[in-house]
Amino acid sequence: MASERDDKVEKASDSDPETKETKETATPIATAKSSSRTSQEAPAAAENDDYGSTDDHVFSDPSVAERWRGVYEKAGYENRHRFDPEYKWTAEEEKRLVRKIDARIMVWAWVMFCALDMHRRNINRAISDNFLPETGMNTNDFNYGQTIFLACFLAAELPSGLISKKLGADVWIPTIMVGWSITAMCQAFLKNRAGFYAIKALLGLLMGGFIPDIVLWLTYFYKSRELPLRLAWFWTALSTVNIVGSLLAAGILQMRGINGWSGWQWLFLIEGLLTTLVGIFSWGLMPPGPTQTRHWFRGKNGWFTEHEEFILVNRLLRDDPSKGDMNNRQAVGPVLLFRAVKDWEMWPLYIIGLTTYIPPGAPSNYLSYILRQIGFSVFEANLLAIPSQFLFAVNLLIVTWVSRHVDERSVVSSSSNIWIFPWVLALVLLPDGASPWARYALLTGLLSYPYCHAILVGWTAKNSNAVRTRAVSAALYNMFVQSGNIIAANIYRDDDQPLYRRGNKVLLGITVFNVVLFYLVKAFYVWRNRLRDRKWKAMTPAEQENYVLTTKDEGMQRLDFRFAH
């Protein structure tokens with residue numbers, strides 16, 4: 001086979017009680033024997049992220065292993081030389097390897113996301129420093145600019161994802177990062193509305209593909225059960241950037257007058273320089289895949305030993321065999337693209353992405369501006385954004401941990417809008433003459449909501465069940481999210497400021513709709529799984545085994561696949 005094995009490793013993995021491997025919800029069932037227990041019947045223990053190899057896994061049947069070996073060879077899967085159905089490793093070795101992946105891959109992905117969000121959010125701080133009057137614009141002009149940005153961001157999602165799939169995320173992501181950093185610096189020279197619209201359009205086109213591209217890249221290194229919690233830490237970048245960005249803005253905006261520049265001009269220039277450096281370093285710190293870490297910048301021996309590469313590849317494929325059905329430099333052509341788009345059973349998740357983040361979106365965009373309008377200074381308006389961002393990060397990690405611990409996605413995710421409801425209702429009912437601090441407290445409570453984005457992105461990736469679907473579904477999901485952001489950017493209007501009562505009533509109605517939507521989507525996936533259960537159980541064991549070995553069905557179309565919910 002692919003390598004020699006150490007007897008000590010084999011014995012350790014066979015005797016270690018932690019290495020018991022189990023099948024997960026929303027993964028293909030390897031054989032008729034193993035598929036007799038569906039995801040609906042599996043005990044809660046099956047959802048523990050157990051580590052280490054066992055003799056009972058998806059490739060235990062030699063005929064199944066050979067079928068998948070043929071798939072990997074045909075696809076030109078870049079890690080196929082490390083595929084070995086008999087490879088052994090201990091739980092401790094795998095845990096140590098995951099910690100190494102976290103340090104090498106996850107931390108830098110987080111830094112890159114901070115570089116993206118720095119330029120998505122700094123405009124919200126710039127408007128607290130007279131950016132709008134000095135460029136001859138009002139609130140509606142700002143909304144139109146944000147709409148242009150989000151529309152271009154949305155339009156770039158899928159094309160950028162397809163380019164990244166062809167060239168490789170390790171090439172494409174650093175390229176667009178340097179591009180958007182230079183463009184962002186050019187905002188320091190804005191003079192009018194036309195220039196603002198042009199730069200926002202270019203920023204949207206350059207930034208649009210980053211999130212789905214980086215999420216697909218992370219799936220090359222993490223198992224499906226490991227990903228949501230990592231994504232939760234990944235999305236703490238939002239809070240980190242808002243906190244650090246607020247502190248930076250509080251200081252940089254005080255540079256107004258130096259060389260005749262406004263504070264907001266220095267803000268765009270300095271933050272653009274910082275993220276340009278991140279983009280340059282990303283060319284060296286992003287390996288194409290688990291067995292492709294050798295590079296002059298990363299060292300001639302790469303980041304992982306041969307044994308670690310075998311563990312990395314085989315643990316991923318035993319968790320989800322479909323992760324090897326495409327090369328990481330293989331483009332998704334028109335036929336595969338159309339096939340992924342018409343996977344209609346993914347669309348309920350896209351609809352959730354469209355509406356879920358609208359209620360907090362408008363208050364988040366205008367927090368510093370609202371605080372300025374109700375009497376706080378530029379310095380205070382930026383610093384007062386920090387408490388909600390800290391609580392946001394804490395709630396993000398808590399809600400993702402709860403979802404993973406109880407193996408529940410839809411109900412736990414609905415808590416985001418359940419949390420938002422009383423705060424929006426209070427904003428609608430709060431009298432005009434109420435204390436600015438009371439209004440600030442309500443806005444802080446609203447924006448501290450448990451952000452369920454990590455759960456939903458992991459849920460989308462899990463239900464995709466194929467690399468070609470995963471590449472497209474990540475982009476489509478985020479396109480719907482950006483469509484929702486476009487809606488959110490236009491709910492607070494100039495004639496409704498500074499309290500935005502009409503806008504808050506709209507947000508209240510959308511919040512109620514969202515709570516109901518989560519439960520409807522759960523009911524939908526329960527229904528789809530029951531239909532598949534009936535078809536599967538109507539087959540004899542021999543028919544089930546023959547189906548597993550010979551079916552042409554792919555991804556979520558397989559009868560032995562069950563949707564997570």
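R120 and D117 are joined by a salt bridge, with their closest N and O atoms 2.8 Å apart; a salt bridge here is a side-chain nitrogen of Lys or Arg within 4 Å of a carboxyl oxygen of Asp or Glu. Because they stand 3 residues apart in helix α3, R120 and D117 are separated by about one helical turn. Helices (H or I, at least four residues) and strands (E, at least two) are DSSP runs, numbered from the N terminus. R120 counts as buried because its relative accessibility is 13%, and D117 counts as buried because its value is 0%. Buried means under 20% relative accessible area, exposed means over 50%, and partly exposed lies in between (1.4 Å probe, protein chains only). The model described here is predicted, with local features needing pLDDT of at least 70 and side-chain atom pairs counting only at pLDDT 80 or more, while totals for chains, interfaces and linings use all residues. Residues are numbered from 1 along each chain as its sequence is written, and side-chain values use heavy atoms, with hydrogens and water left out.

In total, the structure holds 25 salt bridges. Side chains of opposite charge can pair when their charged atoms come close. Another such pair is formed by R315 and E226, at 2.8 Å from N to O. This pair links distant parts of the chain, with R315 in helix α12 (residues 306–319) and E226 in the loop between α8 (210–219) and α9 (227–234), 89 residues apart. R315 counts as buried because its relative accessibility is 1%, and E226 is buried because its relative accessible area is 0%. A further salt bridge connects R502 with D495, where the closest N and O atoms are 2.9 Å apart. With 41% relative accessibility, R502 counts as partly exposed, whereas D495, at 63%, counts as exposed. Through salt bridges that share partners, E94, K223, E226 and R315 are joined into one network.

Attention now turns to the spaces inside the model. The structure holds 14 cavities of 30 Å³ or more. On a 1 Å grid over the protein atoms alone, a cavity is a set of points where a 1.4 Å probe fits but cannot get out, and lining residues have an atom within 4 Å of a point. Grid points are joined across faces, edges and corners, and a volume is the space filled by probe spheres set on the points. The largest cavity contains about 510 Å³ of space. It is lined by 27 residues, of which R121, G361, S364, N365 and N485 are the closest to its centre.

At least two residues each come from α3 (91–126), α5 (139–167), α10 (236–252), α15 (358–373), α17 (386–406) and α21 (467–489). The most is given by α21, with 6 residues. Sorted by class, the lining of the largest cavity has 14 nonpolar, 11 polar and 2 charged residues. In this scheme Ala, Val, Leu, Ile, Met, Phe, Trp, Tyr, Cys and Pro count as nonpolar, Asp, Glu, Lys and Arg as charged, and the others, Gly among them, as polar.

A cis peptide bond, with omega of about 5°, joins Q497 and P498. P498 lies in the loop between α21 and α22 (501–537), and Y500 lies in the loop between α21 and α22 as well. Y500 is a residue other than glycine with a positive phi, near 50°. N259, which is not a glycine either, has a positive phi of about 55° and lies in the loop between α10 and α11. Y500 counts as buried, at 1% relative accessibility, whereas N259 counts as exposed, at 66%.

Finally, V71 is found in helix α2 (residues 62–75) and is partly exposed, with a relative accessible area of 26%. V71 and S322 are 251 residues apart in sequence, yet their C-alpha atoms are 9.2 Å apart in space.

Technical notes:
On a 1 Å grid over the protein atoms alone, a cavity is a set of points where a 1.4 Å probe fits but cannot get out, and a pocket is an open set with protein on both sides within 12 Å along at least five of seven lines; lining residues have an atom within 4 Å of a point.
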